Amino acid sequence: MSAHDHARDLVERGYAILPRTHDDAAIAALRSRLRAIHDAHGAPTPHAQVARPLSERAMVSPTGFVIFELLGLAPDIAPLLLSPELVDVARAVLGPDAFLELTGAVVSDPGRPFFSWHNHIGGIDVEEQRATGQYPRFTRSERLIAVVYLDEIDVEGGPLFALPRRITDPTEPRDDQRASHWDGEVTLTFPVGSTLVFEQCTWHAVQPQRRAGLRMFVGTYFTSRAAPETRAIDRSLVGFRGAGPLLRSVLREPGD
Ligand SMILES: [Fe+2]
């Protein structure tokens, strides 16, 4: 599929899957780097009912062992973070000057329970947006969530549910956010090394992993210049110099 086709999917149904954007060598390198960061924090159980900070850039929470400002901890993985396919899709949806807003990663394990329905409106400010209890509507997409999965996401790998939506649809939850199923959901499975892209308004949930071992992903937010300024920023991206041309092309410079 072309970037244009994926972009149409994102606008018309709220998600797109870019299969195998990352090869086995990239997957292995990313996994070993995330494992090293997890080990450096004492290899804690990678989920907790109540969020607990572990360092300036890592915490355990219901999401898992969460790394913020990923390139601040692991600048060496910058060349592996993005794929040309993803950047093409982001530009096709958000405009040619779309920029990278956030980088992060999550490690979890089979002990993480069902991850309930949520979306990512507001991007890096998502928690503040949720706290308002308001559900803004959109005529154009302002942000995409892109996640590179470093595991096979099959029935045992913790598949996702997503509720397809058009960009202009209401953004309110369809049902109880803790419900295990929503009418109209689709189940998303895909090969290891694929990039799953959600429009920020797309509601989704994640089933528990049934296979032993650590489930890992690296994630990014891509944002339109038309989106409101966020309050928080990913400081590891400000003036980042370790990137190759692809990542550099989506960095927003101070005052830019
Ligand atoms: Fe999510």
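**Briefing: a sheet, its helices and an iron site**

The cover over the buried residues of helix α5 includes α1 (3-12), β1, β7, β10, β12 and α7 (245-248). Contact here means heavy atoms within 4.5 Å; buried means under 20% relative accessible area, exposed over 50%, and partly exposed in between, with a 1.4 Å probe and protein chains only. The model is predicted: local features need pLDDT of at least 70, side-chain atom pairs count only at pLDDT 80 or more, and totals for chains, interfaces and linings use all residues. Residues are numbered from 1 along each chain as its sequence is written, and side-chain values use heavy atoms, with hydrogens and water left out.

**Whole chain**
- The protein chain holds 7 helices and 12 strands. These are DSSP runs, numbered from the N terminus: helices are H or I with at least four residues, strands E with at least two.
- Along its principal axes, the C-alpha trace spans about 45 × 45 × 35 Å.
- Of the 256 residues in the protein chain, 52% are buried.
- Take the contacts with a separation of 6 or more: 80% of them join residues 24 or more positions apart.

**The sheet**
- An open sheet is built from 8 strands, in the order β1-β10-β7-β12-β5-β4-β3-β2, with antiparallel pairing. Two strands pair if DSSP finds at least two bridges between them.
- β1 (15-18) and β2 (52-55) are the edge strands, each pairing on one side only.
- From one strand to the next, the twist averages 20 degrees. Axes are lines fitted to C-alpha atoms, for helices over the stretch in contact, and angles run from 0 to 180 degrees between N-to-C directions.
- Over 3 bridges, β2 pairs with β3 (residues 58-61) in the antiparallel sense. Ser55 has Ala58 of β3 as its bridge partner.

- Leu54 lies in β2. Its relative accessibility is 30%, so Leu54 counts as partly exposed.
- Beyond its neighbours within four places in sequence, Leu54 is in contact with His41, Pro44, Met59, Val60 and Phe65.
- Leu54 and Ile67 are 13 residues apart along the chain, and 9.9 Å separates their C-alpha atoms.

**Helix α5**
- α5 (residues 84-94) lies across β1, β7 (143-149), β10 (195-199) and β12, and runs at about 35 degrees to β12.
- Leu86, Val87, Val89, Ala90, Val93 and Leu94 are buried in α5. Viewed down the axis of α5, the buried residues fall within an arc of 160 degrees, so they line one face of the helix. That arc is taken from the directions from the helix axis to the C-beta atoms.
- Gly95 follows α5 and has a positive phi, near 110 degrees.

**The iron site**
- His118, His120 and His204 are the protein donors of the iron ion, each through NE2, at 2.1 to 2.2 Å from the ion. Donors are N, O and S atoms within 2.8 Å of the metal (3.2 Å for Na, K and Ca); water is not among the atoms, so sites may look incomplete.
- Along the chain, the donors follow the spacing H-x1-H-x83-H.
- His118 is buried, with a relative accessible area of 10%. His120 is buried too, at 15%.
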